[in-house]
Amino acid sequence: MCDNATQEDNLHNLSQITHWLNQELYDKAKHDELPLLFVELRWLLERASQLRFFVSGESSHFQPIIDSVNQWILTIQNNKKIAQLSQSQVESIELNGIQNQNILRDKKKRQLIAFLASRGQNDKVNDYRATYLLLCLEMAKLTKFTSRINDTLDNTRFLTDKNREFLLPFLPTISEFDSLFDLHKTLDEIKQSDLYGFWQSKNTEAMQAYIKKVRERKSRKGATLRIDTQSATDSELVNFKIKEEIQQFFLPVDNYVNQNNGIVKQKKSKPETIEPEVIENESFTDDITGDVVLPLSTINENIENDVTNNTEINEPQHEIKEAYNQVTPKKRISPAVDIIKAKQQSDAMRKNSMYLSTDTRVASDYEIDTLIKELYAVLSQINIDYSHSDDSSEHNESLKLSQKEQICIFLLAVLLSGSTQIFKTESWWQNAYYVAKYEFSFTPARAVLDDRFNQDFSQKNKLSLNLFFPEKVSTLLYVFANSFNLDDKDEFDEKYVSTLQNQATEYLKKINKAYQTRLSFNKVLDYLKVTLTRRGEDNAIIDIIRMQPIHQTAALSYINASQMNMIYTHQTFFRTLQKTVNVEEQADNLSIHDYQDLALVDLVALPEDEEFYRDDIEPQMGTALLLNEEKLKNKWILPLKDKLLALFKITDVTPEKFVERHNFFMDYLYVLMGLSSGYRPVIETFGRLQDIDLHTSAYFISDKENRVDDDIGRFIYLPEIAVLQIKNYIAYLHQYSQFYYRKQQIIAQEFDKVLHSQQGIILYLTIVNDQIIAESQQNNPWIAQRLAQYANLPLNWYRHHIRSLKNTGMSLYGQAFNDINHFTPDIIGAWMGHTDELGYDYFDITSGLKRSQLRDLASLINTKLAEYGFEAIDICQWINLDKE
């Protein structure tokens, strides 16, 4: 019997298989294809289980894998409401395989689907398909074999093609082997044998035709040749090429026999903190003068006790002594004049960040319309085959792009993504079935909670999400990448981006001269941000789409973003482009897999089909401190409140019982005030009673002076529940100050200090020598340890939770569903005590915000508090019990 650790490892390994099936089969197949593919998948697994090697001893290893796959199929069918086939349809597929040739489209993108849709014409081929499907599942379990699995699926599928029939005589008959170890040994022996002599004795004519075909095949420019096909003898050529083919079938078996783990590229691990502590934010280049303004600010270092820190790792600090702008003038005049110009450029950068409609540094609709149509005029002339067939891939790979064509594709990608960052990552464009799918990750410091923290309350996060781009843009980028010979490169070097950016700038100048526009590379780069910011979308979501670093804005350390939010926000930008170039009607009718020539709408529209959104609305990533609201209510707030209310029934008035119930109330008040105010956990969290105006609900917060001017602190409004609870707390302090004035004078004085704002609102108690006194150990680590009895979380979890609130998957602080009364990111930024990316207050002299909007936010939070189970508890009831 295996121990618990071994069982956990086995479960983890089997979960890798279901993850692979989700990724390669469910995510890439259409709903109407899945029932057919499931039948073939089950048929192959059943065939594999009847082979001699399986029955003779391999079943103990492979049967759990087969069971796991069958269970996965049942789960998908039940949970995703997959259509059921009739019995006759199932029997037809089991007998003849899948006959729908449309499924074989996009073979290079959907290897597993193409493999399942390619039934062999004889038992030998189908035995290979069944066996090597098992081996692929085994490699998925071993992990890190993505490339090998795809190659195995392709090479096994090729056996069903007439062009690969020549290979079958060289391959042994799998049904004759008692174990895969014997197959491993035989394949290794075949590789060492005289393959040329064997083929010559079997079919000389076929061999000569093969040799001729290989010699006539043109090698790809720049490719490394392992054998010179022109100078090699017939014997050398055949032995080398057939050995290569056999090797493709040997490696999967070798991985199984040796239980190898796959190879993964070594990536540079990202440190928790960015060094040095002074970091550079997004620079601003004046398109007219060429002067560059580079905002510099400090970020938090790796704090020793990150359970109680008041700011997050990598959160930018904009205090006046820790933030400044570095201005580099293109042309120097004199120190005095340069200082004046630097101040002007710094002010201009701030004005530019407002994205005013009259700002000449913001691209106009006419300029973007002109640009897109110019790009289309060039791109539509490229002889690209958009059908995604094997022949089209070979054709597209052979295309040579001119410099102008490269620039146009580059500009299009920059416009659609709002970033050049996509060209600097190891994972470029994944080809989904009907769109270009770009996978990216967003991992702030709290994205994963370590073992110190309770993860039960956290929402389930994914490691990555996807951005989606039009299908034909995917093909354009594929051709673009091939034009740079990037197949063997891990990433698109910075020098390529810099060179293309300079070339794009010159190209835009030509457009400006021809059409009287004032386009610049920065205008193209910023257009996505400008468009979405003007619409009031959440600035943190915009920065995530643009793949900005965590330290770009403070909000990025606190937000949790859903895939649905990414899709909706990005789609909003696409719709703006469609309106700009007047293709809205065509976009509404855009069909999946339109393999006609490139149309203008193909550059700026995604197919309006529910298949596009399938399963891409649930995942989320970012901070893990967006708590599950049901668990927060049922496992924390309600049990704590019930415990407090139960104490009303206890007439025991001993000092110990009083301290116990008082401290429970402090726990309740702490969580309530945290969610109500977002107060950072500083030395005196939540300040003092004098900071709260009970008549207006105004609350002065001084938890971090992060302004670039002379103002200190900030004002917010407290929710109604919090105000009522503070009123009850004040009454409680008054009554018990009098009640204990003679019996427990020390605690009576402590209550008076709180009432007269001589110490903080939060006051925990303890007993020493029968005297009730203030808890001397009360500090943030002590409070965090006390609250850990409910949920062991970082003390500032409530700031993450409120910043990440969503409504049906959409951030509450963006233009969700065209709600004109929505909360803007400026409002939640002011509530959090953040500043904009330049360090300016959200309520400064240029702000258009109203204080009433903070009242509306307080009302929203009040609704949430009520949903979580909070209410204003009248703790003065205790005094009556104690007097008795």
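The following dialogue discusses how to read several features of a predicted model.

Biologist: What does the chain contain in helices and strands, and how many residues count as buried, as a percentage?

Modeller: The chain of this predicted model has 31 helices and 16 strands. Its length is 884 residues, of which 55% count as buried.

Biologist: Where is confidence lowest, and where is it highest?

Modeller: Strand β6 (residues 430–431) has the lowest confidence, with a mean of 52, whereas helix α13 (residues 365–379) has the highest, at 94. Residues 1–8 have a pLDDT below 50, and beyond near neighbours in sequence this stretch has one contact in the model. The pLDDT is also below 50 over residues 262–276, but that stretch has 19 contacts beyond near neighbours in sequence.

Biologist: How should I read the packing of two helices, and what is the case for α9 and α11?

Modeller: Two packed helices are described by the angle between their axes and the distance between the axes. For helix α9 (residues 195–202) and helix α11 (residues 234–258), the axes come within 8 Å and cross at roughly 100°. Helix α9 is therefore roughly perpendicular to α11.

Biologist: Which residues make this contact?

Modeller: Helix α9 contributes Leu195, Tyr196 and Trp199. From α11 come Asp234, Ser235, Val238, Asn239, Ile242 and Lys243.

Biologist: How many aromatic pairs does the structure hold, and how is one described?

Modeller: A pair of aromatic rings is described by the distance of the centres and the angle of the planes. The structure holds 32 aromatic pairs. One of them joins phenylalanine 166 and tyrosine 210, with 4.9 Å centre to centre and 40° between the planes, a tilted arrangement.

Biologist: Which parts does the pair of phenylalanine 166 and tyrosine 210 tie together?

Modeller: Phenylalanine 166 lies in the loop between α7 (146–158) and α8 (180–192), while tyrosine 210 belongs to helix α10 (residues 204–216), so the pair ties together parts 44 residues apart in sequence.

Biologist: Are these two residues, phenylalanine 166 and tyrosine 210, buried or exposed?

Modeller: Both phenylalanine 166 and tyrosine 210 are buried.

Biologist: Which residues do ring pairs link into a cluster?

Modeller: The cluster linked by ring pairs consists of Phe658, Phe665, Tyr729, Tyr732, Tyr736, Phe739 and Phe751.

Note on methods: Residues are numbered from 1 along each chain as its sequence is written. This is a predicted model: local features need pLDDT of at least 70, side-chain atom pairs count only at pLDDT 80 or more; totals for chains, interfaces and linings use all residues. Side-chain values use heavy atoms; hydrogens and water are left out. pLDDT is the predictor's confidence in each residue, from 0 to 100. Helices (H or I, at least four residues) and strands (E, at least two) are DSSP runs, numbered from the N terminus. Contact means heavy atoms within 4.5 Å. Axes are lines fitted to C-alpha atoms, for helices over the stretch in contact, and angles run from 0 to 180 degrees between N-to-C directions. Angles under 35 degrees count as roughly parallel, over 145 as roughly antiparallel, 65 to 115 as roughly perpendicular and the rest as oblique. Rings of Phe, Tyr and Trp (its six-membered ring) pair if their centres lie within 6.5 Å; planes under 30 degrees apart count as stacked, over 60 as edge-to-face and the rest as tilted. Buried means under 20% relative accessible area, exposed over 50%, partly exposed in between (1.4 Å probe, protein chains only).
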